[in-house]
Amino acid sequence: MTATAANNLKVSQDDVEHIAQLSRLTVPASEREKFTEQFNQILNYADILEHIDTAGIQPTAHVLPVSNVFREDIVKPGSALEEVLANAPAVHNDGFKVPRVIE
Amino acid sequence: MTRYITVIGLEVHAELKTKTKAFCSCSTAFGSRPNTHVCPVCTGMPGALPVLNKQVVEFALRAALALNCRINKFNKFDRKNYFYPDLAKGYQISQFDQPICEHGYIDINVEGEEKRIGITRIHMEEDAGKLVHSGATISTSDFSAVDYNRAGVPLIEIVSEPDMRSAEEARAYMESLKAILEYTDVCDCKMQEGSLRCDANISIMPVGAKEFGTRAEIKNLNSFRALVRAIEYEVERQKEILEDGGHVVQETRTWDDVNGVTLSMRSKEEAHDYRYFPEPDLVPIQLDDAWIERVRSELPELPGARQARLVKSFGLPEYDAGQIVSSKAMADYFDAAAATAKDAKGVANWLLGDVSAFLNSENIGIEDFKVAPAHLAELVNLIKDGVLSSKLAKKVFGELLKEDASPKALVEKLGLQQVSDEGAIAALVDEAIAANPQSVADYKAGKDKAIGFLVGQIMKKSRGKANPGLVQKLLKERLQ
Ligand SMILES: [Zn+2]
């Protein structure tokens, strides 16, 4: 870890755990410190961009200079049911059977 | 006791009436076998790429203009990230900081008072799939089955300002909004099928307070009645908490229609960290004046303008005209019937009276009403021309409900013509006078009511067919 990064901790181990939880990832305690370091390195690197003068420049919503790509409203057949349900861990009444989820 | 002011804002989701989903060519048909309108895009298969349905922008723009919004010419989509089984991709494609429009309004009228309700914004997004629980409710279910047919169906979310102060205002706003979405033909507005859904943000504050109270967001409001009941319940619940010295918790609650209560959904705080970011798989949309003005020029007559027209052209009372235009199908029926009716007010009275009563009792809409508008007009004309008394007209109407036919033909078939022949009625009048000397004496002694009894006797004798106006006239002439 560089000295700059160490002085500029933007993300704590708790944040890493929170982000892992939001992403439904299990991060072992042994790796938490390593990830925290790496997150901070990345964010500190992004700091360099903060020094660029962007006054008068439109925020970039998309990297390509393209807009208005549309599709006509015409129905095409989707996938076959068997094909769709082949990805289901279990099937119930043609639906993907999932455990009870309470938000 | 402290008096409180209720503050309500509504978030309405309207499924757009496109043939295909927002970002893939799957059908949006309702009620199909589960998972038969899905493809790699709407099930979030790796590598599948979304392409925007142009009709989604058309419909959203139409709704935006009809709701008096300011259009944002630059539009992009964003990803709203969360994990729930109804969302195969792990994110919903929505619009976060740059919605298609902002700053609109709807004018509502509650008990004769006009009020403007602000619309904060409207944004485009996709619907999620449907979870069918194995038990009666989610908490009593062991598992759920997911159907992705609705996943990816385009929606607009219409967010109001917290401008409403009562359940009645919320209802009026919702009814006006529904009417506008129907008139512009962007949504079929079937609340029972979920194509129009409503969440309500409700808070209360003491009279004179400068800041709004803490709000609860109520979900699962699937009818106007549920909206009104949920608001009334929630206001009382919050009042009780404040009166007991407690404080309202900001949370999401669900409306339980069977028990008439709102229930906390106890969501974890971090469940609402959506980490929005621009959708990299979709390019921005650039609207220009030509596009916006073309859509504006194609807007149909909206409910407000239509109401004004009915008042002006047909002399309908404002309230009646408002009732008729609140449903586009009803307004269309009125216009069709009024075209051949000699008495447009008569048509309005039938629609708001007997026809509405019948529709309510059958729990159907006017679009499923079997009596042709031309036949209702004919019925109204038969009354106007003095062929049918209003009593006999109701009888004919009853027959029409059984089988739609020409009322003229029905009148002949059933022998229901009103008798307007003076000679025939005069005979009945003389008969009644002779048979009821007491009533005659009472009338002559100044008891005006006595004449009603005599008229009743004559109508009875004629089995309702005598022209009541003529009966009155002849009676009075003879009793002078
Ligand atoms: Zn699809």
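This report describes the interface of chain A and chain B, and the sheet of chain B, in a predicted model.

## Extent of the interface

Chain A contributes 36 residues to the contact, and chain B contributes 55 residues. The area buried between the two chains is about 3900 Å². Carbon and sulfur atoms give 59% of that area.

## Polar and charged contacts

Across the interface of chain A and chain B, 21 residue pairs are in polar contact, both residues being at pLDDT 80 or more. One salt bridge is found across this interface. The side chains that form the salt bridge are those of D94(A) and R33(B), with an N to O distance of 2.7 Å.

## The side of chain A that touches chain B

Four elements of chain A each supply at least two residues of the side that touches chain B: α2 (13-22), β1 (70-71), α4 (81-85) and β3 (95-99). Of the contributions to this side, that of β3(A) is the most, with five residues. Sorted by class, the side of chain A that touches chain B holds 15 nonpolar, 12 polar and nine charged residues.

## Strand pairing between the chains

Strand pairing also links chain A with chain B: β1(A) pairs with strand β2 (residues 52-53) of chain B. The pairing is in the parallel sense and extends over two bridges. Within this arrangement, R71(A) is placed opposite N53(B) of β2(B).

## The sheet of chain B

Chain B contains an open sheet of nine strands with mixed pairing. The strand order is β3-β7-β8-β11-β1-β12-β13-β14-β15. At the edges stand β3 (70-71) and β15 (261-264) of chain B; each has a single partner strand, so one side of each is left without a neighbour in the sheet.

Strands β13 (residues 216-221) and β14 (residues 251-256) of chain B run parallel and are joined by four bridges. I218(B) has R253(B) in β14(B) as its bridge partner.

## Helices on the sheet

Helix α1 (residues 54-66) of chain B packs on the sheet and touches β3, β7 (101-110), β8 (113-126) and β11 (154-160) of chain B. The direction of helix α1(B) makes about 165° with that of β8(B).

Helix α3 (residues 224-243) of chain B lies across another set of strands, namely β1 (4-15), β12 (196-206), β13, β14 and β15 of chain B. Helix α3(B) runs at about 30° to β12(B).

Methods
Residues numbered from 1 in each chain as written. Chains lettered and ligands numbered in written order. Predicted model: local features only at pLDDT ≥ 70, side-chain atom pairs only at ≥ 80, totals over all residues. Heavy atoms only, no water. Contact = heavy atoms within 4.5 Å. Buried area = accessible area lost by both parts, 1.4 Å probe. Salt bridge = Lys/Arg side-chain N within 4 Å of Asp/Glu carboxyl O. Polar contact = N/O pair within 3.5 Å; in protein donor to acceptor, adjacent residues only side chain to side chain. Nonpolar A, V, L, I, M, F, W, Y, C, P; charged D, E, K, R; others polar. Pairing = 2+ DSSP bridges. Axes fitted to C-alpha atoms, helices over the stretch in contact; angles between N-to-C directions.
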